[in-house]
Amino acid sequence: MKRPAARQYVVSRPLYSEEAFAEEHEKLYRQRKTILDHVKQYFTCDAKRAKNAALSLLPIIGWMKVYQIKEWLLSDIVSGISTGLVAVLQGLAYGLLASLPVRYGLFSAFFPVIIYFFFGTSRHISVGPFPVLSLMIGSAVTRLVPDDGPAMNITGFEGLTMDEQRVLVASSVTFLAGIIQLAMGVLQMGFVVMYLSDTLVSGFTTAAAIHILVSQLKFVFGLEVPGISGPLSIIYTLEIIFNKISSTNVCDVVISLVIMVVVFIVKELNDRYKSKLPVPIPIEVIMTVIACGVSYGFDFRTRYGIGTVGDIPEGYETPIAPNLHIIQLTAGDAVPLAIVGFAVAFSVAKVYSVKHDYAIDGNQELIAFGVSNIFGASFRSFAASTALSRSAVQESTGGKTQVAGLLSAIIVMIVTLSVGFLLDPLPLSVLGAVVIVNLKGMLMQFREVPYLWRRDKHDCMVWLGTCILAIFLGLDLGLAAGLGVELISVVLRTQFPRCSVLVNIKGTDIYKDRKDYTDIYEPAGVKIFRIPSPLFFANIEFFRTKLVEALGFNPLRVLRKRNKAVRVIRKLLKKGELQWTSTGFLNTSCKPIKDSEDEGNMEELDLPTDFKDLPVRIDWDAELPGNLSVPPVEIHSLILDFAAVSFLDISALTGLKTLLRELVRVEVEVYIVACDPYILEKLHDCSFFDDEVQPSMFFLTLHDAMLHILEKHPESTEKKSDHDMVRSG
């Protein structure tokens with residue numbers, strides 16, 4: 001239904017080609033900075049820039065100046081205590097994921113938090129161990145120090161126990177990941193996270209959740225299962241579990257099921273009534289305390305043979321240096337560790353920064369996590385990022401700044417220094433059950449697949465490809481393979497874009513896909529072709545193929561046929577077998593005219609048609625002498641819509657020029673519209689134009705080109721009685 005008083009606009013202006021517009025409107029000259037100028041600016045320093053650099057490097061200076069003690073401090077204290085309790089439990093659980101003694105999970109929940117407090121830009125994320133990173137660390141640890149068999153021959157392993165060797169591996173690969181993150185931050189490479197799309201991260205973390213689930217089954221069933229890393233490790237682990245399933249410890253299974261059911265129900269209630277609850281019920285902590293008490297009271301370790309956390313030595317250990325031999329062997333593990341850790345933390349930080357209206361700096365976040373991991377690795381902690389569930393606790397319990405994070409680290413420190421012995425009887429199955437319950441959010445990402453399939457099949461294939469490859473190849477190779485799938489998807493989208501033929505919507509200056517509308521106006525002899533993609537080496541042939549398909553003829557084939565016909569006509573005129581009369585060519589020979597078998601120089605067939613030595617210029621739309629035939633060309637004007645062409649490379653430039661020449665040589669006028677000024681400038685710089693391909697074929701808008709064609713070819717509008725004309729203003 002049309003609105004009774006629809007808004008309209010009327011524009012009256014001259015018809016503009018690019019040349020005409022440039023003549024009438026003077027363009028400002030802008031001095032462009034060279035690479036040397038950018039380098040000089042980067043290393044130039046003054047008082048103001050030094051101050052900004054200091055504030056940027058230490059964001060704490062900025063937010064501490066505006067810290068509102070009365071309004072924020074109490075909220076940060078409550079949030080810090082709640083987050084600290086969760087961090088203790090998750091630190092223990094994720095220490096198991098990393099194939100390390102559980103106490104080192106507490107180290108990872110303490111040291112990185114202290115450093116991030118000074119260097120981080122997010123006020124709400126809870127820094128510490130993250131299950132995906134813990135599993136990736138565990139993969140490197142079990143590869144170098146396997147459960148069943150001798151460790152790799154590494155300098156520095158002499159005289160160390162298995163646990164000490166594993167801690168050295170974890171701290172060394174964490175140190176290297178921190179160096180990578182710090183280097184990326186200093187070099188302003190925070191943009192790399194843009195290459196990890198939300199779809200890829202979702203598929204990758206879902207695969208990681210499956211790996212984590214499988215890795216925790218041995219604690220749930222109370223089985224001895226060696227850590228396995230590498231491709232198909234998940235299959236081998238499941239095979240071992242199924243072979244040993246008859247040895248399941250029933251007590252561990254019962255404990256795990258009770259913990260999972262209770263924690264799941266209470267967490268669902270927390271989500272449903274979060275608006276009414278002052279703070280979420282810390283059910284994991286409550287169930288851990290109950291499980292510790294019950295296990296101690298009934299002596300589960302002796303009576304039922306369940307595995308427990310055991311003795312947790314109090315205090316911290318002396319700093320250690322990374323092992324260079326291990327760093328060399330784990331470089332392939334450190335790169336995905338650094339990228340995934342930053343990508344996850346930055347994604348979570350971005351969510352909360354938008355919600356609470358403050359800015360975060362990707363490069364500074366890289367520096368913060370890089371320094372955190374370097375410092376933490378020196379004190380035997382493993383790679384830190386952030387866990388969504390823990391960050392949600394810190395934010396939902398009222399946390400305003402990283403003061404809450406600092407207080408959570410103090411809670412972890414108190415447990416490490418004073419009350420760690422209370423966790424001695426805690427069943428490992430409890431930690432496994434808590435880890436599995438907290439996988440719900442990542443596992444539920446499977447629900448995205450039907451939506452992606454309906455909305456964007458390319459993204460769906462990226463999700464499925466990343467997830468499946470990460471499940472079977474392992475997380476490190478799976479991430480690399482997922483990136484490959486994502487890049488292939490991007491290439492395919494640009495290599496095979498959805499080209500279209502446009503038509504005018506009657507009575508407007510609007511042009512749409514011919515297949516989508518019925519109330520259209522399409523002048524005879526005019527074709528409008530649009531390519532919604534950059535033109536580069538991989539899709540220039542596709543562009544040519546689609547254009548030829550839309551035109552209905554191949555300009556090169558037509559040109560060759562015409563030149564062969566001219567060659568035959570010239571030869572017959574010379575022999576006297578063909579004459580020119582006022583009514584046209586007359587065949588004076590009784591023989592039928594045939595194409596000459598002697599083609600002569602084939603390269604000449606691709607040159608412009610030469611009518612010299614002929615009495616008249618041949619009209620290719622008229623009947624040719626004898627049985628000579630040339631494919632018809634039913635259009636006189638072609639408009640190429642370059643509005644969506646963002647760049648041209650040299651290969652595409654060469655291919656485009658060849659195509660334009662062929663069209664011009666078969667007497668088709670070509671107009672290129674809405675071309676980006678920088679592309680037009682590049683064409684001039686690359687000597688694109690000559691006597692055939694001229695700057696005059698470029699027009700400012702599609703409508704300008706159409707009006708120019710209709711003025712030049714009034715015969716195109718002969719069906720005016722049947723169609724409304726294109727309005728010219």
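Predicted model: local features only at pLDDT ≥ 70, side-chain atom pairs only at ≥ 80, totals over all residues.
Two rings of Phe, Tyr or Trp (for Trp, the six-membered ring) make an aromatic pair when their centres lie within 6.5 Å; planes under 30 degrees apart count as stacked, over 60 as edge-to-face and the rest as tilted. By that rule, the structure holds 26 aromatic pairs. Numbering runs from 1 along each chain as its sequence is written, and side-chain values use heavy atoms, with hydrogens and water left out.

**Aromatic pairs and cluster**

- Tyr 116 and Phe 369 have ring centres 5.2 Å apart and planes at 45°, so they count as tilted.
- That pair links distant parts of the chain, with Tyr 116 in helix α7 (residues 111-119) and Phe 369 in helix α17 (residues 362-378), 253 residues apart. Helices here are DSSP runs of H or I with at least four residues, strands are E runs of at least two, and both are numbered from the N terminus.
- Tyr 116 and Phe 369 are each buried; buried means under 20% relative accessible area, exposed over 50%, and partly exposed in between (1.4 Å probe, protein chains only).
- Phe 342 and Phe 346 make another tilted pair, with centres 5.5 Å apart and planes at 35°. Both sit in helix α16 (residues 331-356), four residues apart, or about one turn of the helix, and both are buried.
- One aromatic cluster is formed by Tyr 104, Phe 107, Phe 110, Phe 111, Tyr 316, Phe 375 and Phe 379.

**Charges over rings**

- A charge sits over a ring if NZ of Lys or CZ of Arg is within 6 Å of the ring centre and within 35 degrees of the ring normal.
- Arg 103 places its charged end over the ring of Tyr 104, 5.6 Å from the centre. Tyr 104 is also one of the aromatic cluster.
- Over at Trp 453, Lys 457 lies over the ring face, 4.9 Å from the ring centre.

**Around Gly 128**

- Gly 128 belongs to strand β1 (residues 127-128) and is buried, with a relative accessible area of 0%.
- Leaving aside residues up to four places away in sequence, Gly 128 touches Ser 108, Ala 384, Ser 385, Thr 386 and Arg 390; contact means heavy atoms within 4.5 Å.
- Arg 390 is 262 residues from Gly 128 in sequence, yet their C-alpha atoms are 9.1 Å apart.

**Nonpolar cores**

- A nonpolar core is a set of buried Ala, Val, Leu, Ile, Met, Phe, Trp, Tyr and Cys residues joined through side-chain atoms within 4.5 Å.
- The largest one has 122 residues, and Val 132, Ile 137 and Leu 431 have the most contacts inside it. Helix α16 supplies the largest share of this core, twelve residues.
- Not counting residues up to four places away in sequence, Val 132 touches Phe 204, Ala 208, Ile 212, Val 340, Met 442 and Leu 475.
- A second, separate core has 53 residues, including Leu 547, Ile 569, Ile 618 and Leu 624.

**The chain as a whole**

- The chain has 29 helices and eleven strands, and 49% of its 729 residues count as buried.
- Its C-alpha atoms fill a box of roughly 120 × 60 × 60 Å along the principal axes.
- Among contacts between residues at least 6 apart in sequence, 80% join residues at least 24 apart.
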